[in-house]
Every structure is written in C-alpha cells, then in structure tokens.
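Subject: Structure handover

Hi,

Here is the structure I promised to pass on to you. Have a look at it first, and my notes follow just below.

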Amino acid sequence: MFDSLSDKLQDIIAKTAGQKELTQDNMQEALREIRRALLEADVNLRVVKAFISNIKDKAEGENVLSGVNPSQQLVKIVHDELIELLGKTVSPLDFSGHPNLIMMLGLQGSGKTTSSAKLAVKLKKEGRNPLMVACDVYRPAAITQLRTLGQQIGVEVYSEDSKDVQSIIQNAVNYAKDKGFNTLILDTAGRLQIDTDMMAELLLIDRVFHPAEKLLVIDSMTGQEAVNVAENFDAQLSITGLVLTKLDGDSRGGAALSVVYCTHKPIKLTGTGEKLNALEDFYPERMATRILGMGDIVSLVERAQEVFDEKTAKEMEKKMAKAEFSFNDFLKMQSQMKMFGSMEQLLGMIPGLKMSKDDRQKISHEGEKQVKRIEVMIQSMTPEEREHPELMNSSRKKRIAQGAGVPIHELNVFINQFEQMRKMMKGFSDVKKNIGSMMGKMGQAGAKLTAHQMMKNMRRFR
Ligand SMILES: Nc1nc2c(ncn2[C@@H]2O[C@H](COP(=O)(O)OP(=O)(O)OP(=O)(O)O)[C@@H](O)[C@H]2O)c(=O)[nH]1
Ligand SMILES: [Mg+2]
C-alpha cells in the first residue's frame with residue numbers, strides 16, 4: 001500500500017535537490033508531477049486540486065531556511081499537507097455513551113465482522129469488558145462467523161434467532177447491564193451497495209439507541225467508489241469515524257487518502273491484516289511519514305524552523321548593538337541553543353573537534369548543570385531586574401542569590417560575565433555578520449549530520 005505513490009513522490013522531490021530557491025518556475029514542474037502521482041494513486045480529483053493548491057501557496061510563501069535546501073523544505077511542505085489531508089490529529093474512540101455502543105457499518109465484505117472482533121481484542125487489552133452483538137440477521141452464516149471469532153478471542157457474543165434487530169439490541173443492552181459488560185460492539189449487516197432497506201435499519205438503530213460511535217468500515221482496495229460510499233453514508237447517518245481495512249493489501253491507496261477530506265470525518269482505526277490483532281489506531285503523522293518515507297528530513301527542517309527564528313535573531317542583533325541585551329534575552333538565547341539539541345550533540349557536530357564520547361558527556365554534563373544554575377538565578381530576579389541589568393546592586397544581589405539558593409560569589413561571577421558579554425557585544429563592529437555566520441555554521445553542522453544519516457537511510461534520495 002502506498003509504495004508506488006511513495007516512490008514517485010520521493011523521485012520528484014529528489015529532482016528538486018540542488019536548487020537554490022523554491023521559485024514559481026522550479027516548483028511548477030514538481031507540482032505537475034506530484035499532481036500526476038496522486039491521480040495515478042487513485043486520489044480523488046477534488047482532493048488532488050486542493051492538495052496542490054495548498055502546497056503551492058505554502059511553497060511560495062516560504063522563506064528558504066539556512067541549513068536546509070529547497071528540496072528538503074518541499075518534503076516538509078508535502079508532509080504537512082499529507083497530515084492535513086489525513087486528518088491532522090489522532091481521534092480516539094468515544095466511550096461517553098450510556099450504554100456504550102459502537103456500531104460497525106459498511107458495504108458487504110468491507111471487514112465489519114473481522115474489525116468488530118479485532119476491536120473487541122483491543123478493548124479487552126485496554127481493560128474494557130466488551131460484548132459483541134450479532135446484528136446481521138440476514139446472511140445465514142453471519143452469526144456463526146461472529147461466534148467463532150468470539151470463541152477465538154474469548155469475547156462473548158450476544159445473538160438471537162429473531163430478525164428484529166431493534167429488539168435484539170435492546171435485549172443485548174439489558175443483558176450487558178446485567179452481566180457487567182461496559183461496551184457493546186454492534187456488527188451490522190452489509191449490502192452490495194447502499195440500499196434503502198439497509199439504510200432504514202441503520203437509521204432506526206441510530207434513532208433508538210444513539211450509538212456514540214458510528215464507524216464506517218471501508219475496504220481500502222475499493223478505489224474511487226470508497227469516496228461515494230463514505231459521502232453517502234455520512235450524509236444519511238452522520239458517521240463518527242472511519243475504519244480503513246486491508247491496508248496490508250497492494251491497492252494504490254488514493255481512495256484512503258481521499259475519504260477523510262471528502263467526509264471531514266477522522267479515520268479512527270486501520271485494519272492491517274487478517275489476524276485478529278491487526279487493528280491499529282490511526283496516526284496521521286506517522287502515515288504521512290510512511291508515505292513520504294523521509295522522516296529524517298522532516299525533523300531536520302522542523303528543527304531549523306524552530307531554531308532559526310529569524311525575527312528573534314534580528315531583534316537580538318539590534319539589542320546587542322545597543323547594549324540593551326537583558327537577562328531575558330540571555331534566557332531566550334539559551335533556549336534557542338537548546339533547541340539544536342543537547343550540548344553533547346552540539347559538541348559532536350563541531351567539525352574537526354576530536355573528543356571521545358565520554359569526554360563529550362562529561363563536559364556537557366558539567367555545562368548543562370551550569371546552565372541550569374544560571375537559569376535559576378535569572379528566574380529569581382524580578383521582571384524589572386531581568387529587563388534592566390543596570391539595576392543590579394548589592395542588596396538585590398543578596399536577595400537573588402538567596403532565592404536561587406546559590407552562594408553570592410557565584411551570582412557575582414555570572415553577573416560580571418554577563419556585563420562583559422554585553423560590552424563585548426556592543427564592541428562588535430559588524431554584529432550582523434557575526435551573528436549571521438554563527439547561526440549559519442550551526443545550521444550547516446545540523447544539516448551535515450542529517451545528510452550523513454540520509455545517505456545511510458534513504459534509498460532514493462540523491
Ligand atoms: N488482509 C486483510 N483482510 C481483511 C482485513 N479486514 C478484513 N479482512 C478480510 O476481508 C474479508 C471480509 O471480512 P468480513 O469481516 O467478513 O467483512 P464484513 O464487512 O463483515 O462482510 P459482510 O458481513 O458480508 O457484510 C474476510 O476474509 C477478512 O478476513 C484486513 O485488514 N486485512
Ligand atoms: Mg459481517
């Protein structure tokens with residue numbers, strides 16, 4: 001699943017490597033190819049259009065970050081857009097109902113019964129006490145199928161010999177109350193296509209019992225039709241979520257990518273095999289990373305974005321030049337440095353620095369301890385003192401040292417160093433250049449490290 005789309009996207013992005021900027025021209029070709037790849041993967045046309053237009057907007061509005069190249073940045077943009085498409089956040093199941101009802105619905109053979117059993121396994125593991133209810137009273141073997149599954153997984157099945165689904169569910173609810181089951185999974189009947197009888201029955205169940213979850217089970221091999229089915233079910237029943245089954249199959253996957261966009265309903269679970277433990281929560285971000293297969297680059301760009309906060313850097317430059325640099329700015333700078341990683345990682349990134357891992361750990365341990373003490377000292381200052389270091393006098397110092405729990409001479413040493421730093425900064429003849437090159441070097445060091453990992457991990461990235 002997604003293999004072919006994944007390969008194509010990676011190829012397209014590889015082609016943009018080596019370009020200096022994301023421009024309208026060089027993006028246009030990449031966008032055309034991404035569009036084609038998505039359509040070939042069976043993604044719905046409407047979805048493709050929205051996807052491409054969002055990428056275009058984002059790519060054009062983006063400044064090129066130092067330490068990453070445009071193709072890496074494009075990976076991040078496509079990745080973010082995929083997450084958006086897949087529903088952004090994880091959507092847990094709703095267990096707020098009284099009684100707790102989870103209704104499984106969908107077309108024939110989509111995987112309702114199997115998913116019901118898989119879900120029961122999962123809920124049991126999570127400490128719930130599920131009861132499966134056989135609501136498919138039409139297909140002769142349906143009840144037996146559910147009972148067999150129930151036996152395999154040690155979960156009780158409630159079934160009756162009647163055709164009255166409403167009364168079966170009512171009796172099952174009473175039975176559950178009696179026996180202490182706290183969640184009922186309703187395995188409903190499927191039809192070849194959506195028809196009025198099936199819908200009428202589902203609507204009746206919905207109206208009478210108000211299940212907290214109405215999960216539409218969709219076979220991801222269905223292709224484009226999946227979108228129509230999902231939209232139709234949702235329009236009539238207002239489903240609460242989707243279960244995508246057979247993700248282990250070799251379909252092109254585009255339909256799966258389209259259903260969330262078209263219904264605005266989250267994928268809550270995915271079926272990834274015939275075994276009864278093959279049901280997983282759905283994580284949009286993990287799926288996006290799987291499709292693009294470039295997790296390393298995405299985190300590299302994220303780090304660069306966090307760290308290279310250009311605005312903050314510019315602000316600081318100005319303050320430094322005027323010696324307005326305050327304790328607050330000092331804290332800000334510390335936290336920006338930290339975002340690059342631990343001190344040990346930073347030492348490890350410095351080209352040409354030969355130091356054993358043990359030494360690096362020792363030095364960074366001491367360094368990090370020191371940084372923490374400084375942070376505590378600054379935090380013990382009043383907001384006014386933090387902004388105006390010139391206010392510092394001996395009684396203030398005494399109070400701060402006491403508050404921070406450090407000896408007064410330690411605070412003195414820090415404040416002296418801080419003052420020296422302030423003076424030195426003012427003395428920089430070309431502050432901009434210094435800051436710029438410092439940031440640039442750090443960015444490059446980060447990029448180098450990941451480039452190395454990239455070579456190791458990434459098959460197709462050139
Ligand atoms: N490979 C794979 N097969 C699955 C998955 N989920 C279901 N199946 C298979 O799909 C087939 C149909 O599954 P069922 O659970 O019986 O489907 P259903 O929706 O209950 O079907 P009806 O009751 O006839 O409407 C079975 O052979 C399952 O083993 C999955 O995630 N992966
Ligand atoms: Mg079934």
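Please keep in mind that this is a predicted model. Let me begin at the end of a helix: His264 follows α10 and has a positive phi, near 60 degrees. The helix itself, α10, spans residues 254-263 and is mostly covered, with eight of its ten residues buried. Those buried residues are Gly254, Ala255, Ala256, Leu257, Ser258, Val259, Val260 and Thr263.

What does β7 pair with, and in which sense? With strand β6 (residues 241-245) the pairing is parallel, over three bridges, and here Ile267 of β7 has Leu242 opposite. With strand β8 (residues 279-281) the pairing is antiparallel, again over three bridges. In that pair, Leu269 faces Asp281 of β8 across the strands.

Which residues come nearest to ligand 1? Of the 22 residues around ligand 1, they are Gly111, Thr113, Thr114, Gly190 and Gly271. Helix α5, residues 112-125, gives the largest share of the shell around ligand 1, namely three residues. Sorted by class, that shell holds 13 polar, six charged and three nonpolar residues.

Best wishes

Terms used: Residues are numbered from 1 along each chain as its sequence is written. Chains are lettered from A and ligands numbered from 1 in the order in which they are written. This is a predicted model: local features need pLDDT of at least 70, side-chain atom pairs count only at pLDDT 80 or more; totals for chains, interfaces and linings use all residues. A residue is near a molecule or strand if its C-beta atom, placed from the backbone, lies within 6 Å of it. Helices (H or I, at least four residues) and strands (E, at least two) are DSSP runs, numbered from the N terminus. Ala, Val, Leu, Ile, Met, Phe, Trp, Tyr, Cys and Pro count as nonpolar, Asp, Glu, Lys and Arg as charged, and the others, Gly among them, as polar. Two strands pair if DSSP finds at least two bridges between them. A residue is buried if 20 or more other C-beta atoms lie within 10 Å of its own, exposed if 12 or fewer, and partly exposed in between; C-beta atoms are placed from the backbone.
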